[in-house]
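Take a look at the model before reading the points below.

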Amino acid sequence: MKNPEGPGARGVEEAVRGFLEAVAALESDLRGLALPSTDPSSVPSEISGLKYERLRAVLAVRMQAFYAAYDGFVHAALAEEARPVTCSSGCAACCRHFVSSVEPFEIVALHEAIKDREDYPDLLFASHKNALAYEKILEAENPDDEAPDRALHRYFLKGRPCPFLAKDGSCGVYEARPMSCRMFFAESPARFCAGKAIVSPWNRNFQIELPDVAEEALARCSQHLAALEIPEDLFPGVLAANALFGQYS
Ligand code: SF4
């Protein structure tokens, strides 16, 4: 679910600068936590209750501005490219993808947003089922460089809804949805975003890509959580966050 309406077009350069500032502020705070360093011989690390509380506090303070700056960049890029976005509220055709390339700090923040909800066990169970479904599809592929892409496509064709998709077709974690969900748009009718039509010539999905300098800043940011070994795929990532910080084994 995307909201193509933005706060108004700013220049892309200015928006990138704003995003870099938000990433730098987050990175500075994450660095200050001094989470355990990556040690290949160790099991996925646990962090002390105190450090977890400080991590929660950092994310609570920083993520709203982080996503506001990211959305500002996306809207500026859309305005600059003047692409006729056709996404509409409640469509959710793209919420059948296996959500990947998610920054670990985004996953921890999203987990924070759901872990006190009544349906938390259901969300975990659905995440577990989706993660297993993808794993099985990937295992059945020839293990070459293209295997993950083929597996992602075959997963999408199964039409499994994202566990966080609400019954009315809205995103149930809208404020905490990751950048991977915020960057994805269509400029063709919604029927070409679903099932096999996604590979038809009439499908015109596109993503708004960050410049390299921003990707590098994000990588530095995520490095501070590397020892937690949270996968960059949303559904297994949420399960890993539960194992570290949640209530269920
Ligand atoms: S988190 Fe799930 S429901 Fe929300 S936008 Fe992403 S794919 Fe859709």
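Of the contacts in the protein chain between residues at least 6 apart in sequence, 79% join residues at least 24 apart. Two residues are in contact if their C-beta atoms, placed from the backbone, lie within 7 Å. The model is predicted: local features need pLDDT of at least 70, side-chain atom pairs count only at pLDDT 80 or more, and totals for chains, interfaces and linings use all residues. Numbering runs from 1 along each chain as its sequence is written.

**Fold**
- The protein chain holds 8 helices and 2 strands.
- Helices (H or I, at least four residues) and strands (E, at least two) are DSSP runs, numbered from the N terminus.
- Their order along the sequence is α-α-α-α-α-α-β-β-α-α.
- The C-alpha trace spans about 50 × 45 × 40 Å along its principal axes.

**Core**
- Of the 249 residues in the protein chain, 33% are buried (20 or more other C-beta atoms within 10 Å of their own, C-beta atoms being placed from the backbone).
- The largest nonpolar core has 62 residues; such a core is a set of buried Ala, Val, Leu, Ile, Met, Phe, Trp, Tyr and Cys residues joined through C-beta atoms within 7 Å.
- Phe19, Tyr70, Phe73, Ile107 and Val108 touch the most other members.
- The largest share of this core, 12 residues, comes from α2.
- Tyr70 touches Phe19, Met179 and Arg182, leaving aside residues up to four places away in sequence.

**Ligand**
- Around the ligand are 10 residues, of which Cys95, Cys162, Leu165, Cys171 and Cys181 come nearest.
- A residue is near a molecule if its C-beta atom, placed from the backbone, lies within 6 Å of it.

Terms used: A residue is buried if 20 or more other C-beta atoms lie within 10 Å of its own, exposed if 12 or fewer, and partly exposed in between; C-beta atoms are placed from the backbone.
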